[in-house]
Amino acid sequence: MTETIANPATKPAPKDWILGISAYVPGKAAADDGRPLIKLSANENPLGTGAAARAALVAATADLATYPDPGATKLREAIGAVHGLDPERIIYGTGSDELLHIAASAYAGPGDEILYVRYGFAVYDIAARRVGATPVIAPDKDYATDVDALLAAVTDKTRVVFLANPNNPTGTMTSREEIARLHAGLRPDILFVLDQAYAEYLDADEDDGGLELARTASNIFVTRTFSKIHGLAAERIGWGYASADVIDILHRIRAPFNVTTAGQAAAVAAINDSEWVAFSRTHTARWREWLAGEVAALSNHGLRVVPSKTNFLLILFDGKLTAEAAMKGLWDEGYATRWLPGQGLPNGLRITIGTKAQTRAVAAKLRAMAEEA
């Protein structure tokens with residue numbers, strides 16, 4: 001006997017809030033015609049991966065048949081030793097992206113609000129909508145975080161506040177004093193997620209104090225990644241630090257065995273390789289400031305650079321040369337950069353600081369295009 005289903009749907013229906021998500025668009029690695037390009041579009045380390053991390057990763061691939069350590073014990077202990085943190089309060093993820101998503105999942109849902117700044121990291125909007133929460137965007141102050149605007153946007157429905165510091169895609173930095181003021185102004189039932197993906201590019205005296213606050217505060221979750229200065233983007237490894245209660249909740253919904261054996265080994269070596277981190281930071285700072293100076297010299301052509309504390313620059317094009325035209329012109333030179341109309345910046349081009357030769361080539365092409373426009 002065949003069972004009849006009344007009014008059958010023609011296909012499975014997703015939740016309404018999922019339809020509101022625009023999928024994350026990664027930085028280009030090829031031109032529209034398929035030509036491979038040098039990637040200055042994803043803020044990877046152009047110097048590559050340190051020798052110690054590469055060797056550790058290769059050595060750890062000897063055993064591929066068994067699951068990785070589910071507790072990432074050695075990795076947590078290494079992170080704790082370097083940063084003076086309790087390893088039991090450290091969580092690990094498939095990049096920091098997984099941690100941002102599970103923070104939203106654990107503390108917000110339909111009827112709740114998740115707050116972040118205008119020109120914040122694109123994943124925040126996706127993380128909010130994925131759980132049915134309402135994204136709320138606070139206005140910025142000249143492409144930088146406006147703490148007063150964030151606090152003014154808090155309502156009784158706010159459950160999570162996301163803030164990248166330094167920020168992506170603008171590169172701007174919020175001071176230690178302002179981070180403390182923001183935290184002090186949030187209700188204790190709001191989870192303050194401080195995304196420090198680019199923190200290793202800061203000098204010691206520029207630290208925003210997030211990890212220090214998280215040692216005693218019950219509502220701060222600080223996230224970091226091995227994808228940037230450590231040169232391990234291919235392995236997708238992130239970590240976060242919070243109170244024991246928050247970490248307990250997040251562990252309940254993170255993916256099991258989420259960091260590979262080789263990835264754990266490489267990350268342990270990377271976080272202990274202070275020389276590679278210092279070398280990468282010094283290189284980035286030198287050529288970031290050099291490129292910023294070259295762009296500033298083109299101000300009469302409508303180019304402006306947003307002050308950055310990261311491994312990239314956001315360049316604004318307000319003259320005859322447009323950001324889209326600049327992106328395509330750089331394709332012709334063999335370079336991929338990040339045009340940002342999807343993030344409300346149709347006049348913005350985000351360019352990762354590359355090697356010396358790459359940075360000089362980009363600057364020369366920008367000058368040629370600006371003068372010809």
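How many nonpolar, polar and charged residues are in the lining of the largest pocket, by class? That lining has 16 nonpolar, 6 polar and 7 charged residues. Here Ala, Val, Leu, Ile, Met, Phe, Trp, Tyr, Cys and Pro count as nonpolar, Asp, Glu, Lys and Arg as charged, and the others, Gly among them, as polar.

This is a predicted model, in which local features need pLDDT of at least 70, side-chain atom pairs count only at pLDDT 80 or more, and totals for chains, interfaces and linings use all residues. Residues are numbered from 1 along each chain as its sequence is written, and side-chain values use heavy atoms, with hydrogens and water left out.

## Pockets and cavity

Spaces are found on a 1 Å grid over the protein atoms alone. A cavity is a set of points where a 1.4 Å probe fits but cannot get out. A pocket is an open set with protein on both sides within 12 Å along at least five of seven lines. Lining residues have an atom within 4 Å of a point. Grid points are joined across faces, edges and corners, and a volume is the space filled by probe spheres set on the points.

| Space | Volume | Lining by class |
|---|---|---|
| Largest pocket | about 640 Å³ | 16 nonpolar, 6 polar, 7 charged |
| Second largest pocket | about 450 Å³ | 10 nonpolar, 7 polar, 8 charged |
| Largest cavity | about 40 Å³ | 3 nonpolar, 2 polar, 2 charged |

The largest pocket holds about 640 Å³ of space. It is lined by 29 residues, and Ala122, Arg338, Pro341, Gly342 and Gln343 are the closest to its centre. β3, α4 (122-130), α11 (323-332) and β12 (338-340) each give two or more residues to this lining. α4 gives the most, with 4 residues.

The second largest pocket has 25 lining residues. Closest to its centre are Tyr24, Ala42, Phe121, Lys228 and Arg236. α3 supplies the largest share of this lining, 3 residues.

The count comes to 1 cavity of 30 Å³ or more. The lining of the largest cavity is Tyr24, Phe121, Ala122, Asn168, Arg338, Gln343 and Arg350.

## The sheet

Helices (H or I, at least four residues) and strands (E, at least two) are DSSP runs, numbered from the N terminus. Two strands pair if DSSP finds at least two bridges between them.

An open sheet of 7 strands runs in the order β2-β8-β7-β6-β5-β3-β4, with mixed pairing. β2 (90-93) and β4 (134-138) stand at the edges with a single partner strand each, so one side of each has no neighbour in the sheet. Neighbouring strands are turned by 20° against each other on average, direction ignored. Axes are lines fitted to C-alpha atoms, for helices over the stretch in contact, and angles run from 0 to 180 degrees between N-to-C directions.

β5 (158-164) and β6 (191-195) run parallel, joined by 5 bridges. Ala164 stands opposite Asp195 there. Helix α3 (95-107) packs on the sheet, touching β2, β3 (113-117), β5, β6, β7 (220-225) and β8 (238-241) (contact means heavy atoms within 4.5 Å). The direction of α3 makes about 160° with that of β7.

β2 and β8 run antiparallel over 4 bridges, with Gly93 opposite Gly238. Both faces of β2 are covered. Ile90 and Tyr92 on one side, and Ile91 and Gly93 on the other, are all buried (under 20% relative accessible area; exposed is over 50%, partly exposed in between, with a 1.4 Å probe and protein chains only). Helix α8 (244-253) lies across β2, β6, β7 and β8, at about 25° to β2.

## The hairpin

β9 (303-306) and β10 (312-317) pair in the antiparallel sense over 4 bridges. A hairpin joins them through 5 residues. Leu303 stands opposite Phe317.
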